[in-house]
Amino acid sequence: MEKLLLLGDEAIAQGAIDGGISGFYGYPGTPSTEILEYVQHNKEAIAKNMHREWSANEKTAMESALGMSYAGKRAMVTMKHVGLNVAADAFVNSAVTGANGGLLVLCADDPSMHSSQNEQDSRFYAKFAMIPVLEPTNQQEAYDMAYYGFELSEKFRIPVMIRITTRLAHSRAGVVRKAVKPENGIKLPEDPRQFVLLPAIARRNYAKLLSVQPDFEKESEASPFNTYTEGSDKKLGIITCGIAQNYLLENIVDKEFNHPVLKISQYPIPRKQVNKILEECDQVMVIEDGYPVVEEMLKGYQEKGTKIIGRLDGTLPRAGELDPAVVAKAIGLEVNAGPDVPSIVKQRPPAMCVGCGHIDAYTALNEALAEYGTGRVFSDIGCYTLGALPPYNAINSCVDMGASITMAKGAADAGLIPAVAVIGDSTFSHSGITGLIDAVSENSPITIIISDNFTTGMTGGQDSKSLGRIDDIVKGVGVDPAHIRVLKPSKANMDEVVAIMKEELAYQGVSVIIPRRQCIQTMKNKALGEKIKALGLK
Amino acid sequence: MKTDIVLSGVGGQGILSIAATLGTAALENNLHLKQSEIHGMSQRGGDVQSSMRISDQDINSDLIPLGGADIILSVEPMEALRHLPYLKKTGWVVTNATPFENIPDYPAIEDIHAEIKKIANHIIIDADAIAAEIGSRRSSNIVMLGAASPFIEIPYEFLEDGIRKIFGRKGDDVVNKNLEALAAGRKYSEENR
Ligand SMILES: Cc1ncc(C[n+]2csc(CCOP(=O)(O)OP(=O)(O)O)c2C)c(N)n1
């Protein structure tokens, strides 16, 4: 079969394509973005016209994927770990409705927070929703799991999570393809009330979800993804989860190492194998990338009382991602690092690009706000969050997508007036609009800056869902048109921009200022250029 | 054979073009390969790193262990230093001489070069100047790959084939310029090692 060189993300996309998927849904977020991007450029996906557009946010994406599953077809929804917080209502309830066509929920976690606000572990959510999880060890397993995941999902009529972390998502390796499966046809659920979560039906569905938990466990026990390597030295047993297995093997390839090793890549954790390792070993070390999910379970799992070590007792660091050195230390091997980093090496944090429109917007905002004093700018998540760094020092918060408008409102409610929100066009579509509805309904004295660069910049320039419609949306929500100010941020008209900002800061109601200039990173994107022209946005 | 390479630079400098050429060369010749990349936030002008592992055996970790890199290949000199803890005792630092100064406190370039020269095995090459001489400024990353090539356990012809494959779509001219860039980088290292 054909061998491809794929990122973990791309392997998942290709596995799903070959596994008979009909539609992908998702919202961009590192490290999950490359899944949908791969599908958008994949010839077979285009030829079959698989759904592959970005959604407005993770919740709308999750729900659309559930709708496709309802119709009997196979679907996948992709998101970064914090996206699952946004999609959580739909996600947890989808375990109660169950699936019809195979439904895979792909969550990409980011331990060590390379590009994120936290390092939450999606396996907790899956346990909370009581659904199976697949956690690949390498790119080939990532492919195989997406391919096989649909069958697992359809066998139990349940959504299945695939959980990956940054290193696998963004690492390339050879992947062997399998035979392409046909898509499902439309086939409605056998029980027409399966998806109607009125309490009486929800209680029935929930009872069923509870009753199949032991079956999920049996499935894990029989899964080829969970492997047990026997070992004669039973003073220590090792449990690895997903990618952690690689770091262990990296350290022991050329060494005498005779401890039993259980690799877990399918959850719920396989009871039979877990009990075996607990029974036969004096002590068990759990190595997992992310939170100590399995370690915590095992501490309260067993009757024998085998000592469990891992992140919780300091054998491994409590936070941050795993790497070969961290694992080497945990299993008592020496690490021979190269020379130290010389002290002259300086930090090089990411920064807004030279020529970025956000920079001019902040320059103007800082000047306009000077008379009110600092501490009143609630930002959101996007490239403009980098306005927190010198020389701008322009913002005072960044919490979650959408939290700019709503936090500004709360602060204004408290009497901090004027309060300012800074949000991007993609984030505004993702979860800014509902906050604006709150502010308009109370005519809160806040100034909202929607810094519109026609794209989802931070994650690499994906489509922004409200391209060309932001002004109408703001108007439609009910902002007074006299206080919707569209302008072009640039050095040349800095005075005008500052003057407009000052006027709106003084206004005792909701005003929306829209500095509008194309993201310079997207200048080579011809399709976007044409859309911008057609919409008359220049 | 097994070669572990840490590729480093600044977001936007295109270190992935080096990785793609190497990766194609390895895959076409049925070698095992793992290459980890950085996407997301750091691409905005921050320091970026990619690890490239090539072997005729199975490769486990996507990341190179501390003290495990045979080569640090950096398109920016300060970034070469940032990854020294990953360098093997016998490893090579191959770096571009030209700094990319996008921070206010960038150190004096002489100090940076002096630190690099403290490493026993090092090549400092002005890849930008060499690329300009060839008349193909965009090929400076391929000059860097050429400069590292004597230390990579992949036959040189494989790298040439990789270039033909990667740049093939862009026409013979581009392919030839990049082959020239690769050769020029290699020559420099062979004369200055
Ligand atoms: C819930 C959630 N989903 C996705 C992300 C990833 N993410 C961070 S910034 C960003 C894009 C923001 O785009 P926009 O607001 O238009 O600003 P720009 O980067 O273009 O300036 C995304 C998708 C996230 N941090 N949280």
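A backbone N or O atom of A:Met458 sits 2.9 Å from an oxygen atom of the ligand in this predicted model, a polar contact being a pair of N or O atoms within 3.5 Å (within protein, one must be able to donate a hydrogen and the other to accept it, and residues adjacent in sequence count only if both atoms are side-chain atoms).

Residues are numbered from 1 along each chain as its sequence is written, chains are lettered from A and ligands numbered from 1 in the order in which they are written, and side-chain values use heavy atoms, with hydrogens and water left out.

Next comes the meeting of the two chains. Chain B brings 43 residues to the contact and chain A brings 47, contact meaning heavy atoms within 4.5 Å. About 3900 Å² is buried between them, with carbon and sulfur atoms giving 58%; this is the accessible area (1.4 Å probe) that two parts lose on being put together, summed over both. Four salt bridges cross the interface, each a side-chain nitrogen of Lys or Arg within 4 Å of a carboxyl oxygen of Asp or Glu. One of them links B:Glu37 to A:Arg172, with the closest N and O atoms 2.8 Å apart.

Strands meet across the interface as well (strands are DSSP runs of E, at least two residues, numbered from the N terminus). Strand β7 of chain A, residues 171–176, runs antiparallel to β2(B) and is joined to it by three bridges; pairing takes at least two DSSP bridges. Here A:Ala173 stands opposite B:Lys34.

Chain A also holds an open, parallel sheet of five strands in the order β14-β15-β16-β18-β17. Since β14 (377–378) and β17 (484–487) are at the edges with a single partner strand each, one side of each is left without a neighbour in the sheet. Four bridges pair β17(A) with β18(A), residues 511–515, in the parallel sense, and A:Leu487 faces A:Pro515 there.

Note on methods: Predicted model: local features only at pLDDT ≥ 70, side-chain atom pairs only at ≥ 80, totals over all residues.
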